Structure formats: structure tokens, C-alpha cells
Amino acid sequence: MRIRLLAPVLALACAFPAAAADTVVVDAARMIDVVGGRVVDRPQVVIVDGRISAVGRQGDAVPEGARRIDLGDRTLLPGLIDMHVHLTSDPTISGYRELEFTDNFWTVVGVANSKKTVEAGFTTVRNVGSENYDDVALKQAIDRGYVPGPRIVPATYAIGATGGHCDTTELPPSMQVPSPAVADGAQAIRAVVRKLRKYGAEVIKFCATGGVLSKTDSVGGQQYTLEEMKALVEEAHQLGMKVAVHAHGTAGINDAIRAGADTIEHCSLADAESFKLAKQHGTWFSMDVYNDDYILSEGEKNGVFAESLEKERQIGRKQRETFKAANAAGVKMVFGSDGGVYPNGDNGKQFAKMVEWGMTPMQAIQAATVNAAEALGRPGDVGAIQPGRYGDLIAVDGNPLDDVGLLARVAFVMKGGQVVKAAP
């Protein structure tokens, strides 16, 4: 009886064989092995159903019927990762100019910026702050194929104290703009973490100190106590989420590290004690050392508040000096550009600044690949050209170890085995 039942099933299987796996083979002149910190000549990468199945040399056996992409004399790298972006922001519309637009205008801005970002070679981003859960909407639309864009790790709203950098501070008392992520005290903060997770957050971002582009606060002033930070981090970690912390001031940076935060953003006034604590706790620094030039050259005409421009003049160079000192001290570093404070899509321009301020080209590339993947907690998926990870690849003309500025002019982008930007 069992054999008689199986017979028609086998007949159907022969008549309608399983769909063949989507296989693509990518060749190039050289490849940056970001894990080993070396260059591999004449690489060959095999991608099956969106993930890398083999990494070898040209001439190795490949599956029959595979599509081939020959990138010629270009250099192959993993898809880049930016750990600090705001896809739903446009720096040319700053300050009070933002009030001219309806709420959902910014979602559409995010659609355009997502396309620019992935075509610039950033196949994964961590979006650390957006209104109306826009980054979750973008992630869902991209993942379902409605619009092009990178893999998004959304934070939704950034959590902050009343009157702090993550609150709305530019309006008079008669114009109330309640934010679902403004919270004071440990229990209220825990509740907000749970709520953001409920609605799609995959990482939690909070503001430990003041900032540059907010009104009424000092750039370095601490805005949450150590006890409040500990409650937030504990709640997020309990829910399986990592924590990113906006922090310019020394005390806020150090308390955020003591509280167990995973990454510190900006880090402008970090000192030797900060470096020591970061190394003890395994904390990553994410420092946006490119956008100072853009803010100071374009900010006034874009509507940036005068007091914000003054704060940027005070903090910009100091942040770069801190970046150099932190890297020399051996603090773990990831690539975070604050895209949205400058035009999204220009993320790759930061690589040259990282090298100018003390990193080697390989260190800068590793910050945006293997380091960032580890800090995200997703080393099995992104950040390197290795079997099992997504087929996220980019290529540039020439060798970025000789000229890291090439990473601002990416020639080819593949995400999950699908070509996003074809090489000319």
C-alpha cells in the first residue's frame, strides 16, 4: 500500500522538478579579505540563493548553468555597513524649514535616500532615529521588494529626557509636540523600550548628552543619570536588542559605557578614562568625522540654527582629535557617518577623513565591514565575503588600499546575489 501511494507522488515530482537554485559567480582582479586583513588576487565568489556558498580563485569549479559577472580589473569588497544614519532626513531642509512639510513627507524622503544609500555601496545600515516609525516602514517596503534600499536595522524613535537632545526643543510652550520616546525615570524608560520593540525597533538609541543640532541644551551636558541608563540598557538587552548612545560629553560617555551600552555615537569629548572604560567593557565607538565640513559650509543656507553652527565650531575639530586618540589607544571602532546630517548617499566620503585622522585604509574598511557586523550582532550575515553570509558585494575601480577615496565612487553593488548597480 505504501509503495502504491508513493508512486503517483514520485511521478508528479518528475513532471515538475524543484526550481533550480539561483547561482551567480563573481570574478574580479582582487578582493579585500577584511577578516584576514589582506588582498586576495583573482578571487571567485559563488552565490547561491542570495548567500555566499564558496570563495576561491578563478578557475575553480563552479555549478553548471551559473550566471557569471566579470568585474575585470576592479577590487571586490563586502557590502559596506553604516552604523549611524537617518534615512528620513534631508540636511537641505533644516531648522524651522522642516515645519513646512506634512508628517509623511519624510517617509517619501526616506524612499529616495534608501536608493541613494544602497547604490553608494552601503548594503546594510543602522537607522538610529526617525519619526512615526518611518524606518520600520522603509525596512518592510525594501524587504518585500517595493523599493530599493539597504538592509535596515531600525531604532524607530530615539529615547531622551524631557527637554533633552531627543526631545522637541525648538517650539514655544503653546505648541506641544508629545513624543512617544521622551521618558524620565527608570520605570518610564523601561516602558518606552518595550513599546519601541513592540512596534519594530531592532536596536535602541538614547541620548545621554546634549547635541549640536538641538536648541536650548549644551552639547556635552549629561541628560540621563547612570541609574536611568542602567535601567534602559538592562531592559533592551533583556529583549535581545543592542543599545546605541548619542553622547558628546565626557561624563555622559563614561556613564553610558558603565551602564553597558554597546556603541557610543559621536564621542566628541571622550578622554583617556573613556578609552580605558571602552576597552574594559568591549564598547564600540562610532564617530562621524566627515560631516563637520558639510555642516559648517552648507548649514547656514540650509536653515541650521545659529546656535547649532556655533556648537559645531566648538566641537568639530575636537571630535576628530578624539577619533585619532581613540584609534591610537586601541578602542574598537565602527563606521558611523550620521547620514542625513549631510546628504545620504555621500556616506563613502567619510573614509578619506578616517584615514586623514589616523586610520590605515584597511582599518577604515574593516570599521565599515567586519567590525560593524560584530557590533550589530550579525557576523553570520553581513560584513565579510565568506560562505554563509549574504551575497552583498561591491567593487571599485582600482585598489582602495592605495586610495581609500575610491570608496566614495563605488562602481558595482550587489545585495543578496542581485545586482543593484551594474558596473559600467
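**Close-up 1. Where helix 4 meets helix 5 in this predicted model.** On the helix 4 side, the residues making contact are Ala186, Ile189, Arg190, Val193 and Arg194. Facing them from helix 5 are Glu228, Ala231, Leu232, Glu234, Glu235 and Ala236. Sort that contact by class and you get six nonpolar residues, five charged ones and no polar ones.

**Close-up 2. How helix 4 and helix 5 are laid out.** Helix 4 spans residues 186-198 and helix 5 spans residues 226-238. Their axes sit 9 Å apart, at an angle of about 30°. Angles under 35 degrees count as roughly parallel, so helix 4 is roughly parallel to helix 5. As for handedness, helix 4 passes helix 5 in a right-handed crossing.

Close-up 3

**Close-up 4. Strand 14 alongside strand 15.** Strands of a sheet pair through backbone hydrogen bonds, either parallel or antiparallel. Strand 14 (residues 284-286) pairs with strand 15 in the parallel sense, over three bridges. Look for serine 286: its bridge partner in strand 15 is valine 334.

**Close-up 5. The annotated stretch, residues 75-420.** An unreviewed UniProt entry labels this stretch "domain: Amidohydrolase-related". Over these residues the chain is 37% helix and 15% strand. The end C-alpha atoms of the stretch are 17 Å apart.

How values were computed
Residues numbered from 1 in each chain as written. Predicted model: local features only at pLDDT ≥ 70, side-chain atom pairs only at ≥ 80, totals over all residues. Heavy atoms only, no water. Axes fitted to C-alpha atoms, helices over the stretch in contact; angles between N-to-C directions. Helix = DSSP H or I, 4+ residues; strand = E, 2+ residues; numbered from the N terminus. Parallel < 35°, antiparallel > 145°, perpendicular 65-115°, else oblique. Left-handed = near helix turned anticlockwise from the far one by under 90°. Contact = heavy atoms within 4.5 Å. Nonpolar A, V, L, I, M, F, W, Y, C, P; charged D, E, K, R; others polar. UniProt positions renumbered as here; feature names shortened; annotations may be inferred. Pairing = 2+ DSSP bridges.
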